[in-house]
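This report describes a protein model for a reader who is new to structures. Please look at the sequence and the model first, then read on.

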Amino acid sequence: MAALIGAILLVLVATFQGNDSFDRWLVIKNIEIKGDLKYVTKDELELDYSTLLGLNLFSVSVADILTIVESSEWVESAEVRKVWPNTLQVLVHEHTPLAYWGDRQLVSTSAVVIEPKSVPKLPLPRLYGPYDSSDVVLEQFGLISQVLASSSLRINTLTLEARGAWSIIFTNGVRVKLGREEILDRLQRFIAVYKSDLSGRIEKITSVDARYPHGVAVGWEKNK
């Protein structure tokens with residue numbers, strides 16, 4: 001209410017002194033950025049938002065401001081507040097990265113693919129797939145992660161090939177081919193074999209093919 005009254009008073013004063021004075025008084029000169037920032041700095045955001053400087057705080061709409069604010073790669077959502085006469089406050093909510101998508105992008109926990117100017121080094125799995133397949137790969141990643149929850153296995157790399165076949169490289173280095181069908185059933189068969197026969201011999205395994213209907217084929221290192 002106080003801000004609204006202040007704005008009204010500014011309008012009344014400007015009316016008596018002319019529109020030029022009104023425009024000068026309400027030019028955006030300061031942008032205050034707030035939020036718990038982990039992956040982007042205030043300096044980087046200030047550079048992204050520099051086009052807001054010089055705009056008229058009274059006439060520019062909140063919707064237009066948000067369009068510019070949320071166009072920054074790491075910004076998932078934001079709240080803006082006009083502080084009269086010439087300050088804009090921006091509360092930023094960052095994307096939370098879930099996995100790498102390819103080599104230059106990340107997928108957020110809200111399933112948004114982002115491509116930051118500088119890709120951070122994070123302990124995250126890597127997802128690969130054809131162009132515009134991120135939704136499919138991310139969904140499969142979630143399903144596979146649920147199946148793996150009862151085991152010690154964790155995904156290092158999940159790949160969807162152009163022909164539709166899936167493969168996984170686990171954090172222990174084991175690579176498993178799952179093919180194009182019955183992915184979760186094949187994965188569960190592999191987990192059963194892994195728990196009973198393979199977990200103590202990881203360093204000797206070169207690859208695992210789980211595309212068989214009743215078991216898995218294991219490739220072993222040759223004895224030297």
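## Tyrosine 194

Y194 counts as buried because its relative accessibility is 7%, where buried means under 20% relative accessible area, exposed means over 50%, and partly exposed lies in between (1.4 Å probe, protein chains only). Y194 is found in helix α6. Helices (H or I, at least four residues) and strands (E, at least two) are DSSP runs, numbered from the N terminus.

Apart from neighbours within four places in sequence, Y194 is in contact with S152, L153, N172, S199 and I202; contact means heavy atoms within 4.5 Å. Y194 and L153 are 41 residues apart along the chain, and their C-alpha atoms are separated by 9.4 Å.

## The model as a whole

This is a predicted model, in which local features need pLDDT of at least 70 and side-chain atom pairs count only at pLDDT 80 or more, while totals for chains, interfaces and linings use all residues. Residues are numbered from 1 along each chain as its sequence is written, and side-chain values use heavy atoms, with hydrogens and water left out.

The protein has six helices and 12 strands. Of its 224 residues, 35% are buried. Among contacts between residues at least 6 apart in sequence, 46% join residues at least 24 apart.

## Aromatic pairs

The structure holds four aromatic pairs. Rings of Phe, Tyr and Trp (its six-membered ring) pair if their centres lie within 6.5 Å; planes under 30 degrees apart count as stacked, over 60 as edge-to-face and the rest as tilted. One of the pairs is F58 with W84, which is tilted, at 6.2 Å centre to centre and 50° between the planes. F58 lies in the loop between α3 (42–48) and α4 (62–69), and W84 in the loop between β2 (75–83) and β3 (87–94), so this pair ties together parts that are 26 residues apart in sequence. F58 counts as partly exposed at 42% relative accessibility, and W84 counts as partly exposed at 24%.

Another of the pairs is F170 with F190, which is stacked, at 5.7 Å centre to centre and 10° between the planes. F170 is in strand β9 (residues 166–170) and F190 in helix α6, 20 residues apart, and the pair links these distant parts of the chain. Both F170 and F190 are buried. Together with Y194, F170 and F190 form one aromatic cluster.

## Two helices in contact

How do α5 and α6 pack? Helix α5 (residues 134–148) and helix α6 (residues 183–198) pack at an angle of about 30°, with their axes 10 Å apart. Axes are lines fitted to C-alpha atoms, for helices over the stretch in contact, and angles run from 0 to 180 degrees between N-to-C directions. The two helices are therefore roughly parallel to each other (angles under 35 degrees count as roughly parallel, over 145 as roughly antiparallel, 65 to 115 as roughly perpendicular and the rest as oblique).

The contact is made by Q140, L143, I144, V147 and L148 of α5 and by I183, L184, L187, Q188 and I191 of α6.

## Backbone details in loops

The peptide bond from W84 to P85 is cis, with omega near 10°. P85 lies in the loop between β2 and β3.

A111 is not a glycine, yet it has a positive phi of about 70°. A111 lies in the loop between β5 (105–108) and β6 (113–114). E182, also not a glycine, has a positive phi of about 50°, and lies in the loop between β10 (175–179) and α6.
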